[in-house]
Amino acid sequence: MDLFTPAELGPFHLKNRCVMAPMARARSGENRAPGPLVAEYYAQRAGAGLIVTEASSVSPMSVSRPHASAIYNAEHVAGWRLVAERVHQAGGLIFQQIYHLGRKSDPSRMPGLVAPVSASAIAARGQVAGLHGTVDFAVPRALETHEIAGVVEEFRAGAANAKEAGMDGIEIHAANCYLIDQFLRDGANHRADSYGGSVANRMRLMLEIVDAVCTVFTPDRVGVRFSPHAVSDGTNDSDPAALFGHAGARHRLSAPDRGGAPRHAEFATRRQHADHARDARAFRRHADRQWRL
Ligand SMILES: Cc1cc2nc3c(=O)[nH]c(=O)nc-3n(C[C@H](O)[C@H](O)[C@H](O)COP(=O)(O)O)c2cc1C
């Protein structure tokens, strides 16, 4: 078996085992909808067995660099429909990665300049290139317990929009210190309610989102991305082995074996065999050229 051996992934026949890693390219319009240039970019990479799109925000409260994409309104759906159509015409498969930046949002671009939201009122370490220069990440507002259902609904609606756009599946972005990760790790989550404290409680938001997304796509079309080793901005955990071990065991998620500890673990729901190699560098290197196997 090599990278060019076809693979079965849930209901999908992958023509090879190369999976294009999600990569933000910041080429969408002012309205955060991808246009023809983005469709061309993804169509050029349809030679991959599977493409995972750049992370797309499910909420206006998730905003940072200009021209980053989103999937929460009709304009976004229209833009992503063009992308999905072009990839399918070129013989590819494409999953939409959906996320919420939480406390990593740019405070100068927040609607009404309200504070970003997170698990707790603890700022991420580091800075962000804001509208008027580089600024520290803001101290976020801790989501009230009763507001969390609204966040789950944003993820469900984002998945529904992706489905309407013609995407083949969803990857829930629970990695890289964004909102779901901020709930998962006890360095960023100091909550005293049912979403904080124990590992099971800190996983609750992620699991509610998985359940909600699985009402839109069947579970064999839904994946979750974790990054057990990403702690760059203070989103650390006192016991990552327990946290991410629990995520895998409790939910019978399976991770690809790439040898050694992966920086990212892509889990597929319902024990699919994620025995593919996911690569960002190969696709990024040829970002503006035809990428061929
Ligand atoms: C420009 C760029 C944008 C990225 N955007 C995302 C993203 O939107 N979502 C995500 O989960 N990871 C993102 N990543 C991380 C990549 O998916 C990948 O995990 C990382 O580059 C390591 O893979 P590599 O060793 O093949 O480079 C991004 C990486 C790069 C370089």
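Colleague: How many of the five residues of strand E10 (residues 169–173) are buried?

Modeller: A residue is buried if 20 or more other C-beta atoms, placed from the backbone, lie within 10 Å of its own, exposed if 12 or fewer, and partly exposed in between. In E10 five of the five residues are buried, so the strand is largely enclosed by the rest of the structure. This is a predicted model, in which local features need pLDDT of at least 70, side-chain atom pairs count only at pLDDT 80 or more, and totals for chains, interfaces and linings use all residues. Residues are numbered from 1 along each chain as its sequence is written. Strands (E, at least two residues) and helices (H or I, at least four) are DSSP runs, numbered from the N terminus.

Colleague: Which residues lie on each side of E10?

Modeller: Gly169, Glu171 and His173 are on one side, with Ile170 and Ile172 on the other, and both faces are covered.

Colleague: Which strands pair with E10?

Modeller: Pairing requires at least two DSSP bridges. Strand E5 (residues 94–99) pairs with E10 in the parallel sense over four bridges, with Gln97 bridged to Glu171. Strand E11 (residues 222–226) also runs parallel to E10, joined by four bridges, and there Ile170 has Val222 as its partner.

Colleague: Is Phe4 buried or exposed?

Modeller: Phe4 is exposed, because 11 other C-beta atoms lie within 10 Å. Phe4 sits in the segment before strand E1 (7–9). Its C-alpha atom is 7.7 Å from that of Cys18, 14 residues apart along the chain.
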